[in-house]
Amino acid sequence: MSQHEEEYKPKKLGKIILLAAIVITALFFISQIIFLLISEFSSNKDEVAFFAGNHYSIIRKDDTYRLYDKKTKNVILDNVNGYYSNNAVYSYIKNEEEYVVINEQEEEYIIREIDPSNSQEKELFEKFTPLSK
């Protein structure tokens with residue numbers, strides 16, 4: 001082995017290590033920039049529960065829960081404070097004045113006012129999962 005070949009190998013290895021370090025550092029910073037952009041432009045919404053095959057969901061945004069239609073992008077019920085779902089036929093979501101009945105199979109809903117004297121509603125509301133702020 002000549003003296004020229006022995007000098008060439010360490011120089012080549014040093015360049016490869018330097019290039020690898022630069023590439024890894026660049027990838028790290030690019031991933032951090034992408035993460036910051038995604039977190040900056042994403043909203044601070046948390047989906048709490050899903051209904052009717054993910055057609056409807058309860059979303060927590062700014063300490064307020066809302067029932068949201070994901071297909072039409074409309075809010076169905078504000079200030080949601082509880083829900084109950086047996087995942088078979090109907091799901092129920094309520095606030096202080098109204099409740100929504102979602103037909104899980106048909107993916108349709110109706111809004112009803114809460115009747116304080118209705119004993120069937122009282123029994124149903126006892127099964128609800130409460131949402132806390």
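Leu-19 sits in helix H1, which spans residues 3–41; helices here are DSSP runs (H or I) of at least four residues, strands are E runs of at least two, and both are numbered from the N terminus. This is a predicted model, where local features need pLDDT of at least 70, side-chain atom pairs count only at pLDDT 80 or more, and totals for chains, interfaces and linings use all residues. Residues are numbered from 1 along each chain as its sequence is written, and side-chain values use heavy atoms, leaving out hydrogens and water.

Let's compare two residues. Buried means under 20% relative accessible area, exposed over 50%, and partly exposed in between (1.4 Å probe, protein chains only).

| Residue | Relative accessible area | State |
|---|---|---|
| Leu-19 | 55% | exposed |
| Val-100 | 0% | buried |

Val-100 belongs to strand S7. Among the residues it touches are Leu-67, Ile-76, Ile-93 and Ile-110, not counting residues up to four places away in sequence; contact means heavy atoms within 4.5 Å. The C-alpha atoms of Val-100 and Glu-113 are separated by 8.7 Å, and the two residues are 13 residues apart along the chain.

Now for the interior. A nonpolar core is a set of buried Ala, Val, Leu, Ile, Met, Phe, Trp, Tyr and Cys residues joined through side-chain atoms within 4.5 Å. The largest one has 15 residues, and Phe-51, Ile-58, Leu-67, Val-80, Ile-93 and Ile-102 touch the most other members. Strands S1 (45–51), S2 (56–61), S3 (64–69), S4 (74–77) and S7 (98–103) each give two or more residues to this core. Apart from it lies another core of 6 residues, including Val-101, Leu-124, Phe-125 and Phe-128.
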